[in-house]
Amino acid sequence: MSNKEWPLWEVFIRSKQGLNHKHVGSLRAADATLALENARDVYTRRSEGISIWVVESNYIHASDPSDADSFFEPSDTKVYRHPTFYEVPDGVKHM
Amino acid sequence: MKTMDLQELEKRFQEKIDKEIKIEPNDWMPDEYRKTLIRQISQHAHSEIVGMLPEGNWITRAPNLRRKAVLLAKVQDEAGHGLYLYSSVETLGADREATIDDLHSGKAKYSSIFNYPAVTWADIGTIGWLVDGAAIMNQVALCRCSYGPYARGMVKICKEESFHQRQGYESLVTLCNGTPEQKAMAQDAMNRFWWPALMMFGPSDDESPNSAQSMKWKIKRFSNDELRQSFVDATVPQAEILGLTIPDPNLKWNEATGHYDFSPINWDEFWQVVNGNGPCNKERIEARKKAKENGMWVREAATAYAAKRSMKKTA
Ligand SMILES: [Fe+2]
Ligand SMILES: [Fe+2]
């Protein structure tokens with residue numbers, strides 16, 4: 001049965017010009033053309049998008065949630081990357 | 001992380017749930033949580049798909065073009081709901097086709113309401129009003145489910161559902177303001193759908209043993225009886241505006257509780273229908289099986305065409 005099954009595609013939609021594509025869900029389709037048409041029918045029945053990307057789920061590589069603590073540690077420990085870390089004298093404007 | 005024992009993992013999992021942190025597909029989760037969700041989401045998906053049958057039956061017989069276009073759009077939405085849900089069940093590692101085969105073999109259940117026939121045009125308005133109304137009550141609560149993909153799917157579904165209920169109610173307003181025959185047809189539909197709609201919330205709390213665990217995992221936020229009561233409270237005034245009588249002699253406002261009291265539900269009928277003996281169970285499953293079998297050549301052709309095209313590309 002599963003050898004007859006169409007591949008899984010992840011669907012990303014740009015809701016309007018100027019915004020980025022955002023993941024909305026997935027679907028099954030035989031090829032990219034059909035995946036785009038299915039995505040239009042399944043995810044944009046009410047003008048939710050002006051542009052769609054579909055990516056075969058196989059090609060997505062994800063970080064491991066169980067390693068999230070160590071994986072993201074470099075950014076969590078660098079408070080000096082945020083502007084609020086720095087003190088400037090009262091009265092300094094436009095900064 | 002790898003040396004962590006099961007108890008510790010379970011404890012951390014429950015802490016996340018308690019802190020309202022959503023669970024995402026690749027996160028660790030107890031097997032039972034995964035199994036419960038696979039069962040619930042796939043049965044929800046099946047309900048959306050089987051739910052297209054009673055209404056789909058009326059598309060060609062809608063009384064005018066406006067009602068026809070509306071019904072077509074509604075049924076198409078239900079197909080979409082089924083698809084969002086099948087894709088969220090896949091995020092749990094379930095095999096989509098296997099869950100569908102479970103429906104066809106009778107192993108998986110779906111909402112018992114769809115085993116009742118839609119015999120008159122008034123049934124279509126009544127289904128939109130009561131059946132989608134009850135589904136909305138359930139689904140709004142599920143928008144806050146602890147499993148991310150299910151909760152997100154529910155948000156999208158709820159946005160689409162409200163038109164389903166309103167179009168049904170509007171259609172009933174028309175019938176109730178029409179000829180005495182039209183009004184009688186609406187009342188007849190109400191008489192047949194009221195109790196099955198209340199049964200949609202499932203067995204009463206003392207008869208649903210898995211509820212407590214689902215509440216603890218925040219898959220469920222409200223008990224079956226709580227949701228059923230909210231539905232009754234919301235629906236009675238809507239029936240009054242239509243001028244329809246709710247087929248329950250014991251239905252009355254209770255000043256002390258601030259809710260409507262209503263008669264006990266005929267659970268015997270509920271279990272009969274759930275266990276396959278409702279008026280349309282066989283017909284519904286047959287229709288789904290036929291759809292899969294008769295559509296198989298399309299799937300195969302699309303697969304063959306895709307294979308041929310990718311060969312050409314690499315050649
Ligand atoms: Fe739906
Ligand atoms: Fe609906």
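Residues are numbered from 1 along each chain as its sequence is written, and chains are lettered from A and ligands numbered from 1 in the order in which they are written. Because the model is predicted, local features need pLDDT of at least 70 and side-chain atom pairs count only at pLDDT 80 or more, while totals for chains, interfaces and linings use all residues; side-chain values use heavy atoms, with hydrogens and water left out.

The iron ion (ligand 1) is held at 2.1 to 2.3 Å by B:E48 (OE), B:E78 (OE), B:H81 (ND1) and B:E161 (OE). Donors here are N, O and S atoms within 2.8 Å of the metal (3.2 Å for Na, K and Ca), and sites may look incomplete because water is not among the atoms. Along the chain, the donors of ligand 1 follow the spacing E-x29-E-x2-H-x79-E. Their angles run from 81 to 156°, which makes the arrangement irregular. For comparison, four donors count as tetrahedral if all angles lie between 85 and 135 degrees; four count as square planar and six as octahedral if opposite donors are over 155 degrees apart and all others between 65 and 115; anything else is irregular.

The iron ion (ligand 2) is coordinated at 2.0 to 2.2 Å by B:E78 (OE), B:D132 (OD), B:E161 (OE) and B:H164 (ND1). The four donor atoms of ligand 2 subtend angles of 83 to 166°, so this arrangement is irregular too. B:E78 lies in helix 4 of chain B and B:D132 in helix 6, so the pair ties together parts that are 54 residues apart in sequence. Helices (H or I, at least four residues) are DSSP runs, numbered from the N terminus. The two iron ions are 3.4 Å apart, and B:E78 coordinates both. Within helix 4 (residues 65-90), B:E78 and B:H81 are three residues apart, and therefore separated by about one helical turn. B:E78 is buried at 5% relative accessibility, and B:D132 is buried at 5% as well; buried means under 20% relative accessible area (1.4 Å probe, protein chains only).

Aromatic rings come next, with 14 pairs counted over all chains. Rings of Phe, Tyr and Trp (its six-membered ring) pair if their centres lie within 6.5 Å, and planes under 30 degrees apart count as stacked, over 60 as edge-to-face and the rest as tilted. B:W194 and B:F231 are stacked, at 6.3 Å centre to centre and 25° between the planes. This pair joins helix 8 (residues 180-199) to helix 10 (residues 224-242) of chain B, across 37 residues. B:F231 also forms a tilted pair with B:F201, at 5.5 Å and 45°. B:F231 is buried, with a relative accessible area of 1%, and B:F201 is buried at 4%.

Notes. Helices (H or I, at least four residues) and strands (E, at least two) are DSSP runs, numbered from the N terminus. Buried means under 20% relative accessible area, exposed over 50%, partly exposed in between (1.4 Å probe, protein chains only).
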